[in-house]
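Hi,

Here's the structure I promised to pass on. Have a look, and my notes follow below.

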Amino acid sequence: MKQITSKTASLVSINFQVATLGQRAGAFLIDFLILGGTILLLLLFFSFTGLADDWLVYLIFLIILFYSLLFEIFTRGSSPGKKAIGLQVLKFTGSPPSVLDYVIRWVFRIIDLYGSLFMVATTFSISSAYGQRLGDVMAGTTVIKFDKKETVSLGDLLDMKTKENYTPKYPQVEKLNDKDMLLVKSTIFRAQRNVNQAHKTALWDMVSKLKSELDINEKVKDPILFLKDLLREYVILTR
């Protein structure tokens with residue numbers, strides 16, 4: 001499966017799976033059904049209230065026109081259909097898109113989807129190294145697939161126990177940020193769920209990067225235990 005790679009502020013690499021054509025089509029279908037249901041409700045509402053038909057036409061047109069754009073901007077790359085399947089728009093380098101990137105993708109939907117009956121989008125997605133349709137190519141974005149079981153929120157970190165009058169072992173952990181620590185926990189989760197050499201290597205790579213970033217010289221025997229210690233200390237020192 002195609003992948004893109006992103007680096008955190010502490011230079012730890014994380015791989016994202018590029019969404020397949022089938023997954024993107026599934027997300028589009030869900031959005032289409034949501035749009036259809038919304039339009040049906042509006043038709044019923046205007047029918048019962050007797051409001052001017054012109055307003056209905058304008059409203060339906062605006063909803064259809066800006067549906068995907070507004071959702072992607074305000075939910076950081078996920079329409080309801082994408083959210084349901086676990087998809088999100090990212091720059092192909094792994095960084096979040098800008099508002100301009102979302103606008104470019106949206107403008108090219110006319111060519112990618114509607115103007116060519118999906119042929120342009122299909123052709124580009126199949127041939128692109130990052131599964132990009134034409135709009136993605138122009139905006140430098142792609143759509144990635146998240147495993148919902150691996151989604152970690154800051155609330156997970158806040159559930160950890162703390163101690164009063166705690167003396168930190170790694171006070172320099174405050175140099176990191178929430179995104180770094182969520183990635184740490186996600187990496188631990190994946191390694192524990194998938195016991196193989198690739199995930200063991202990812203653990204040790206993360207340990208090495210964090211030791212360098214935080215200027216920690218001690219010898220680490222258990223990478224998971226070390227990373228959990230950093231997580232606990234980060235929560236204690238920054239909450």
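Let's start with Leu43, which is partly exposed at a relative accessible area of 39% (buried is under 20%, exposed over 50%, partly exposed in between; 1.4 Å probe, protein chains only). Leu43 sits in helix 1, residues 21–49 (helices are DSSP runs of H or I, at least four residues, numbered from the N terminus).

Before going on: this is a predicted model, with local features needing pLDDT of at least 70 and side-chain atom pairs pLDDT 80 or more, while totals for chains, interfaces and linings use all residues. Numbering runs from 1 along each chain as its sequence is written, and side-chain values use heavy atoms, without hydrogens or water.

Next, the second largest pocket. Its lining has 31 residues, with Phe28, Arg109, Leu113, Tyr114 and Phe118 nearest the centre (on a 1 Å grid over the protein atoms alone, a pocket is an open set with protein on both sides within 12 Å along at least five of seven lines; lining residues have an atom within 4 Å of a point). Helix 1 contributes the most to this lining, nine residues.

Most residues other than glycine have a negative phi. Arg76, though not a glycine, has a positive phi of about 60°; Arg76 lies in the loop between helix 2 and helix 3 (80–85) and is exposed, at 67% relative accessibility. Leu117 also has a positive phi, near 55°. Leu117 is in the loop between helix 5 and helix 6, and counts as exposed at 67% relative accessibility.

Cheers

How values were computed
Helices (H or I, at least four residues) and strands (E, at least two) are DSSP runs, numbered from the N terminus. On a 1 Å grid over the protein atoms alone, a cavity is a set of points where a 1.4 Å probe fits but cannot get out, and a pocket is an open set with protein on both sides within 12 Å along at least five of seven lines; lining residues have an atom within 4 Å of a point.
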